[in-house]
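Let's take a walk through the salt bridges of this structure. Have the model open as you read.

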Amino acid sequence: MRDTSVVAAFDFDGTISTTDSLRVFVRETVGTPRFLMGALLASPWLVGAALKVVDRGAAKAAFLRASLGARPRDQLEQDAHRFITGHLLRLIRPEMLARVRQHRALGHRVVLVSASPGLYLRPWAASAGIETVLSTELAYDDQSRFAGHFAQPNCWGPEKVRRLEAWWGDTPPRVLFVYGDSRGDKEMAERADHAWIRGQGKFMPLTDADAARRAS
């Protein structure tokens, strides 16, 4: 029986994937020399973010602006498709896909909540049976080129909770499961009824039968 009153929110980078997918995507898209040059040009923002004196989203946008430039949207979408069908599949943790499927089999609503771009996460999520993606979105100019900034705030930390609450609106879930791996998932985990953070123990049970097995 489908129980849509239960929501399972999954972080992506480091949780479902084995590493930061954005860095891999940019490197695959523009090549190593341009990737390194982009990091060098954006280093004042990146260092500032590491020292917590520059907003993480501003630093990320600066890096993408320096590495991707004013890349056309249709070219970025082609880049994303090539990334999804190639390198991204090798970054996915099988046990996390299995966990997504367990939630779906119970009729739970599954949502991906990530600071990485929906540019490639949304098509990948659709292929994995995840209907909703709340993520960082690139902004485009009137010529459909990357504008060098984001259409919404970087989907990290408190912004993840804001996105979730805006998504469910006046009908919050009866039960919220959250899966994460880092500081960027702290607020989302605190909002959850059941939170799993990588490295801090086994998955929580999903059903009464699971709970009984765990207790025995």
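Predicted model: local features only at pLDDT ≥ 70, side-chain atom pairs only at ≥ 80, totals over all residues.

Residue numbers run from 1 along each chain as its sequence is written, and side-chain values use heavy atoms, with hydrogens and water left out.

The term means a side-chain nitrogen of Lys or Arg within 4 Å of a carboxyl oxygen of Asp or Glu. Why pair up at all? Side chains of opposite charge can do so when their charged atoms come close.

Aspartate 79 also has a salt bridge to arginine 71, at 2.6 Å from N to O. Are aspartate 79 and arginine 71 buried or exposed? Both are buried, where buried means under 20% relative accessible area, exposed over 50%, and partly exposed in between (1.4 Å probe, protein chains only). Aspartate 79 comes in at 2%, while arginine 82 is partly exposed at 48%.

Now jump to glutamate 165 and arginine 191, whose salt bridge spans 3.2 Å from N to O. This pair links distant parts of the chain, 26 residues apart: glutamate 165 belongs to helix α8 (residues 158–168) and arginine 191 to helix α9 (residues 186–191). Glutamate 165 is partly exposed at 35% relative accessible area, and arginine 191 is partly exposed at 33%.

Elsewhere, salt bridges with shared partners tie Asp11, Lys160 and Asp185 into one network. The count comes to twelve salt bridges.

Technical notes: Helix = DSSP H or I, 4+ residues; strand = E, 2+ residues; numbered from the N terminus.
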